[in-house]
Amino acid sequence: MTGTVLRRTLIGAGLLLLLMLVTVALLATAVDRGYLRGPLLAYLGERSGRHIEVGGALRAHILTMHPAIDAWDVKIGNPAWMPPGVTADAKHLEIALHLPWIGRKLAIERLVLEGATLLLARDAKGRANWQWHDPARPSRGDMPLVRVLSIVDAHVLLDDERRHLKFDGRVSAGEADGAPGARLHLRGSGDLNQRAATFDVDGDPLATAERDRPYRFSYREESSGSTLVGRGSLSRPFDFSVLDTSFEAKGADLKDLYYLVGVSLVNTGSYELTGSMSRRGAETFFTGLSATTGDSDMQGTVAVDSSAERSKARVDLRSRFLRLADLGLRAAGREPPHAGAPLLLSDAAFSSKGMRRGDAVVSFHAQHVEVGRLDLTSVAGHMTIDRGVMAIAPLTAALLQGKLTARARVDATSEPPLADFDLETSGVEIGEWPRKDGKPMGLQGLLQARAKGKGRGSSIHQIAASSNGTLTVVLPHGAIRSSLAELAGLDLKGLGLWAAKSREETGVRCGAASFDGHDGTLTAKTLLIDTDPVLISGSGTIRLDTEAVDLVLHGRPKAVRLFRVRAPLRVDGTLSHPSVSIETRKSAGQAAAAVALGAILTPLAAALAFVDPGLAKNADCAALLSGADPN
């Protein structure tokens with residue numbers, strides 16, 4: 001009985017196994033001949049996590065160790081972690097698999113796309129429709145390696161909010177010269193960030209790629225006169241979460257790199273930039289950065305953490321020499337033709353959009369910073385950006401044996417940005433102010449200054465040109481060449497001293513200039529220089545939008561003078577190039593007097609552009625500012 005039961009059981013199992021084999025063979029044959037396409041597409045869609053449609057013919061070959069699918073008019077939808085939409089639309093798709101076996105993982109033996117449109121998207125959180133699995137969940141395994149890739153003139157639309165890149169162009173990829181096992185070559189052209197761009201990427205042969213071996217590549221991108229080249233490697237093929245690369249960039253304007261990398265930078269003249277980049281998941285590190293433009297240089301490191309919705313950057317920049325004239329629209333040759341003379345205040349603009357997108361902590365150190373003819377030394381600054389608000393607290397520098405301190409706050413959550421600023425100098429030796437002709441100044445003393453106010457804009461010049469506030473410059477005590485002091489009174493004695501080129505000095509009891517600012521126009525409230533022989537007073541305005549100076553100065557001798565000329569001096573021109581003239585009776589002697597007095601007033605006028613008053617602890621100055629008679 002037992003033998004009979006066993007025999008029947010074995011016969012039944014054999015018949016069941018035979019039935020299953022026949023069923024699988026029939027199903028495979030049906031699929032191979034184009035039947036059961038609905039269940040097949042449903043199964044493929046469920047396994048890939050994407051909706052798949054085939055509008056044309058579908059051929060499947062599954063009774064093999066290298067199953068393949070050949071399909072026409074294919075649409076592949078977005079994955080569940082992205083908004084509904086289409087990732088790929090291809091006229092022809094061919095894919096052949098290499099099934100897993102002992103010691104071997106699933107691989108894509110061949111992938112062919114013809115007549116394709118790829119709509120690639122990544123949001124600010126890093127979720128992309130080209131990702132193999134949901135980035136918010138544990139990985140379901142590595143993406144299969146592709147051994148042979150052929151993409152023929154695909155139309156690619158890329159919208160990458162994470163990297164701030166938009167691309168609309170044509171892309172082709174495949175083995176160089178079409179030879180099996182040759183290096184992978186990817187090329188493309190189109191509009192990158194709304195500018196024409198081309199790029200080429202050469203990688204190791206896909207046929208020899210291994211998961212436990214770095215995949216190496218080189219690249220070249222060109223757009224808007226800038227070129228970016230480099231070499232790098234992926235820790236594992238097709239895994240861009242671990243990436244190392246070195247790069248070199250050069251071009252006519254550093255700001256044009258935005259069109260290649262999606263990072264907004266400052267305008268410059270011709271530049272060169274080198275460095276290295278390492279990516280580890282959501283963290284990206286830029287090291288060994290070195291940039292040069294004109295006579296300026298910059299080195300530093302940048303670390304960016306993109307794991308949260310708002311990126312966080314830590315930046316450390318250093319410079320041996322930085323000339324502000326090498327930055328801005330004029331340096332890039334892109335200033336409007338009607339711009340006029342060079343500005344003392346920089347027009348180099350910062351990106352308010354970039355400030356709103358991410359947070360940052362920035363430290364800056366420079367041995368020398370050149371502002372016009374001034375040389376700031378030992379410059380150090382600390383800046384933070386927090387949810388669109390930038391704070392500089394403080395920026396310090398040595399200036400003409402004195403000290404400059406600046407604090408500012410820029411709120412970029414509004415457009416244009418709103419800025420508060422407070423700049424102060426102390427102990428600045430005015431006698432060392434650099435003159436264009438290289439000659440020594442006729443005025444000496446330790447200057448104190450302070451500027452405080454509010455303005456709107458995305459550059460120092462724009463903020464100043466719209467500012468409201470106060471500006472005060474005080475010279476508590478000092479010395480002035482007697483001839484220059486007398487010339488301010490425009491009497492014959494003064495002219496005689498000037499002709500003799502007298503170096504005799506007289507004391508300055510106090511010099512003070514106080515301005516009220518409204519909509520970028522500074523109006524003199526107090527403008528006095530009190531010397532032993534002469535009291536110089538003035539009035540007028542300085543327009544910070546054009547940096548135009550319009551001041552009138554009068555000299556009043558403190559002793560009786562014969563043949564005194566009652567003619568005021570006019571100071572005009574710009575902050576960077578002021579000029580002085582006599583309103584009437586422009587004799588040769590009077591013209592010389594104007595030039596001499598200009599040598600004194602130039603530093604006072606130029607100082608108004610970027611420094612401001614500290615209250616003088618000096619009885620003469622206090623009396624002068626209060627309106628008391630200096631005599």
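**Reading a pocket, aromatic pairs and a strand**

Tutor: In this predicted model, the lining of the second largest pocket has 11 charged, 8 polar and 5 nonpolar residues.

Student: Which residues lie nearest the centre of the second largest pocket?

Tutor: Of the 24 lining residues, Tyr-258, Ser-264, Ser-351, Lys-353 and Arg-357 lie nearest the centre. The volume of this second largest pocket is about 630 Å³.

Student: Which element gives the most to the lining of the second largest pocket?

Tutor: Helix α5 does, with 3 residues. At least two residues each come from β7 (149–160), β8 (165–175), α3 (258–261) and α5 (352–357).

Student: What describes a pair of aromatic rings?

Tutor: The distance of the centres and the angle of the planes describe such a pair. The count here comes to 3 aromatic pairs. One of them joins Phe-167 and Phe-199, edge-to-face, at 5.7 Å centre to centre with 65° between the planes. Phe-167 is in strand β8 and Phe-199 in strand β10 (residues 195–203), so this pair ties together parts 32 residues apart in sequence.

Student: Is Phe-167 buried or exposed?

Tutor: Phe-167 counts as buried, because its relative accessibility is 8% and the cut-off is under 20%. Phe-199, at 18%, counts as buried too.

Student: How are the rings of Phe-217 and Tyr-219 placed?

Tutor: Their centres are 6.2 Å apart and their planes stand at 35°, so the pair is tilted. Both Phe-217 and Tyr-219 are buried.

Student: How many residues of strand β27 are buried?

Tutor: In β27 (residues 521–531), 9 of the 11 residues are buried. β27 pairs with strand β28 (residues 534–543) in the antiparallel sense over 6 bridges. Thr-521 stands opposite Arg-543 in β28.

Definitions and conventions:
Residues are numbered from 1 along each chain as its sequence is written. This is a predicted model: local features need pLDDT of at least 70, side-chain atom pairs count only at pLDDT 80 or more; totals for chains, interfaces and linings use all residues. Side-chain values use heavy atoms; hydrogens and water are left out. Buried means under 20% relative accessible area, exposed over 50%, partly exposed in between (1.4 Å probe, protein chains only). Helices (H or I, at least four residues) and strands (E, at least two) are DSSP runs, numbered from the N terminus. Two strands pair if DSSP finds at least two bridges between them. On a 1 Å grid over the protein atoms alone, a cavity is a set of points where a 1.4 Å probe fits but cannot get out, and a pocket is an open set with protein on both sides within 12 Å along at least five of seven lines; lining residues have an atom within 4 Å of a point. Grid points are joined across faces, edges and corners, and a volume is the space filled by probe spheres set on the points. Ala, Val, Leu, Ile, Met, Phe, Trp, Tyr, Cys and Pro count as nonpolar, Asp, Glu, Lys and Arg as charged, and the others, Gly among them, as polar. Rings of Phe, Tyr and Trp (its six-membered ring) pair if their centres lie within 6.5 Å; planes under 30 degrees apart count as stacked, over 60 as edge-to-face and the rest as tilted.
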